[in-house]
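Subject: Structure handover

Hello,

Here is the structure I promised you. Please open it alongside this note, and then read on for what turned up.

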Amino acid sequence: MQRQLCSILAAEQVLASLERPSLKVTLMGQFLVELDGVPVELPSRVAQSVFAYLALNAGKAIRREKLAGVFWPELPEANARNQLRHTLWRIRKAISQLGYDGLAFIPENTLHVKLCVGPGYQLDVADLLQPITSAHSTEVVMAQLAKYDELLPGFTSPRDEWVCDWHYRLEQAYACKGLLIVDRLMREGRWHEALDWGSRLIFGSPCLEPVQQRLTQAMQGLAEQWQPH
């Protein structure tokens with residue numbers, strides 16, 4: 001009997017994963033949540049900020065008191081937890097208005113909050129944070145870097161301070177990947193492209209000195225290329 005029940009539960013989980021709509025979250029340059037290509041209209045900036053936090057930590061169970069403390073640090077814990085409960089309800093309601101089960105994405109749990117996603121989950125910052133391997137072509141990584149933009153523009157209230165940490169992570173990832181791409185381009189003798197990417201990195205990059213060194217090397221390489229033999 002127990003084995004049969006386990007089989008039924010496993011089958012239900014498989015069916016649920018197959019029926020789960022495609023979730024796409026855009027956080028760079030704008031805030032946009034889509035289910036099967038249809039935008040989810042989240043009702044308030046705090047609901048958007050909470051959803052963005054969960055999206056960046058998708059699949060992770062976060063203690064409710066921690067989440068409440070991040071977004072309502074000025075309130076007593078009980079009041080902060082009430083605010084969190086209401087905000088999660090509004091997020092689920094926005095999902096349900098599209099005909100989907102909001103609880104399937106953010107289940108009820110008295111201890112934790114978790115955004116449950118399927119294998120088709122798309123998060124724009126994920127590619128940028130993914131380490132480069134030899135399997136990634138120069139063109140693929142350049143395409144990833146070309147999508148880089150400000151994380152959650154306009155999210156500047158005190159409850160959005162957590163965004164600064166993620167902004168720093170993305171800035172570091174962009175700079176590191178950018179330097180690797182410039183190195184690749186120089187090894188391939190693609191001096192014009194190396195100069196172009198070096199110029200992009202020089203603005204707002206936390207790694208100014210390494211970028212300047214590579215720009216100098218790229219200009220020397222370009223000059224040597226055009227020297228008469």
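First a term: buried means under 20% relative accessible area, exposed means over 50%, and partly exposed lies in between, with a 1.4 Å probe and protein chains only. At 45% relative accessibility, aspartate 36 therefore counts as partly exposed.

Two notes on the source. This is a predicted model, in which local features need pLDDT of at least 70 and side-chain atom pairs count only at pLDDT 80 or more, while totals for chains, interfaces and linings use all residues. Residues are numbered from 1 along each chain as its sequence is written, and side-chain values use heavy atoms, with hydrogens and water left out.

Aspartate 36 has a positive phi of about 50°, although it is not a glycine. It sits in the loop between β2 and β3 (38-39). Helices (H or I, at least four residues) and strands (E, at least two) are DSSP runs, numbered from the N terminus.

Leucine 152 is not a glycine either, yet has a positive phi of about 45°. Its place is the loop between α7 (138-146) and α8. At 1% relative accessibility, leucine 152 counts as buried.

**Strands**

Strands β1 (residues 23-26) and β2 (residues 32-35) run antiparallel and are joined by four bridges. Two strands pair if DSSP finds at least two bridges between them. β1 and β2 form a hairpin, with five residues between them. Glycine 29, in the turn, has a positive phi of about 85°.

β1 also runs parallel to strand β6 (residues 122-123), with two bridges joining them. Follow valine 25: its bridge partner in β2 is valine 33, and its partner in β6 is leucine 123.

**Aromatic rings**

How many aromatic pairs does a search of the whole structure find? It finds six. The rings of phenylalanine 71 and tryptophan 72 have centres 5.9 Å apart and planes at 55°, so this pair is tilted. Phenylalanine 71 and tryptophan 162 have ring centres 6.3 Å apart and planes at 65°, so that pair is edge-to-face. The cut-offs: rings of Phe, Tyr and Trp (its six-membered ring) pair if their centres lie within 6.5 Å; planes under 30 degrees apart count as stacked, over 60 as edge-to-face and the rest as tilted.

Phenylalanine 71 lies in helix α3 (residues 64-71) and tryptophan 162 in helix α8 (residues 162-187), so their pair ties together parts that are 91 residues apart in sequence. Both phenylalanine 71 and tryptophan 162 are buried. Tryptophan 72 is buried too. Tyr53, Phe71, Trp72 and Trp162 form one aromatic cluster.

**Charges over rings**

A charge sits over a ring if NZ of Lys or CZ of Arg is within 6 Å of the ring centre and within 35 degrees of the ring normal. The charged end of arginine 45 sits over the ring of phenylalanine 155, 4.1 Å from the centre. Arginine 169 places its charged end over the ring of tryptophan 166, 4.1 Å from the centre.

Best wishes
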